[in-house]
Amino acid sequence: LVGRVASPLAAVAPGTDAPGIGSPPAGNLSEPRPVLLPQPVYPRAARAARQEGRVAVCFTVDERGRVHTPAVRSSTDPVFNQPVLDAIAASRFTPARMGKQAVRSTLPYVQV
């Protein structure tokens with residue numbers, strides 16, 4: 001399984017709720033960057049069956065770089081969902097920044 005953080009990025013002003021994916025970034029926004037992005041554990045049954053899958057996940061990165069509310073948006077097979085969610089939940093990022101201020105952001109992630 002190989003993962004990548006995809007765009008678009010949606011920034012959230014401090015003290016507000018996360019917008020949906022696809023909201024345009026405002027101002028001088030830098031994207032969060034992965035610091036720790038563990039690989040999901042490949043399900044044993046899927047490995048034995050030589051099964052491949054793809055999971056698209058959306059999640060929020062807070063001002064400290066921690067992941068919140070990861071959710072599966074689409075998946076080719078549910079057997080891959082929990083390992084991908086676990087890996088994303090254990091990930092750490094440098095937070096998005098609007099100017100010099102760290103901000104909460106929401107972005108998609110695709111695990112292949």
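Guide: The largest nonpolar core has 14 residues. Here a nonpolar core is a set of buried Ala, Val, Leu, Ile, Met, Phe, Trp, Tyr and Cys residues joined through side-chain atoms within 4.5 Å. Val-57, Phe-59, Val-84 and Ile-88 have the most contacts inside this core. Two or more residues each come from β5, α2 (81–89) and β9 (101–111). The largest share, 4 residues, belongs to β5. In soluble globular proteins, nonpolar side chains tend to be buried together.

This is a predicted model, where local features need pLDDT of at least 70, side-chain atom pairs count only at pLDDT 80 or more, and totals for chains, interfaces and linings use all residues. Numbering starts from 1 along each chain as its sequence is written, and side-chain values use heavy atoms, with hydrogens and water left out.

Take Val-57. Leaving aside neighbours within four places in sequence, Val-57 is in contact (heavy atoms within 4.5 Å) with Pro-70, Ala-71, Val-72, Arg-73, Val-84, Leu-85, Leu-107, Pro-108 and Tyr-109.

Now step back to the whole chain. It has 2 helices and 9 strands, taken as DSSP runs numbered from the N terminus (H or I, at least four residues; E, at least two). From the N terminus, their order is β-β-β-β-α-β-β-α-β-β-β. Of the 112 residues, 38% count as buried. Buried means under 20% relative accessible area, exposed over 50%, partly exposed in between (1.4 Å probe, protein chains only). Among contacts with a separation of 6 or more, 73% join residues 24 or more positions apart.

Asp-62 is buried yet has no salt bridge. A salt bridge needs a side-chain nitrogen of Lys or Arg within 4 Å of a carboxyl oxygen of Asp or Glu. The nearest side chain of opposite charge to Asp-62 is Arg-104, 4.8 Å away. Lys and Arg count as positive, Asp and Glu as negative; His and the chain ends are not counted. The side chain of Asp-62 does reach the backbone nitrogen of Arg-64, at 2.8 Å. Beyond neighbours within four places in sequence, Asp-62 is in contact with His-68, Pro-95, Val-103 and Arg-104.

Glu-63 tells another story. Its side chain meets that of Arg-104 in a salt bridge (3.8 Å, N to O). The pair links distant parts of the chain: Glu-63 is in the loop between β5 and β6, Arg-104 is in strand β9, and they are 41 residues apart. The whole structure has 1 salt bridge. Arg-104 counts as partly exposed because its relative accessibility is 24%. Glu-63 is partly exposed too, at 29%.

Arg-66 lies in the loop between β5 and β6. Its relative accessible area is 35%, so Arg-66 is partly exposed. Arg-66 is in contact with Thr-60, Val-61 and Arg-92, leaving aside neighbours within four places in sequence. The C-alpha atoms of Arg-66 and Ile-88 are separated by 9.9 Å.

Ser-91 sits in the loop between α2 and β7 (92–94). Ser-91 counts as buried because its relative accessible area is 0%. A polar atom of the Ser-91 side chain lies 2.9 Å from the backbone oxygen of Ala-87. Contacts of Ser-91 beyond four places in sequence include Gly-65 and Val-67.

Note on methods:
A polar contact is a pair of N or O atoms within 3.5 Å; within protein, one must be able to donate a hydrogen and the other to accept it, and residues adjacent in sequence count only if both atoms are side-chain atoms.
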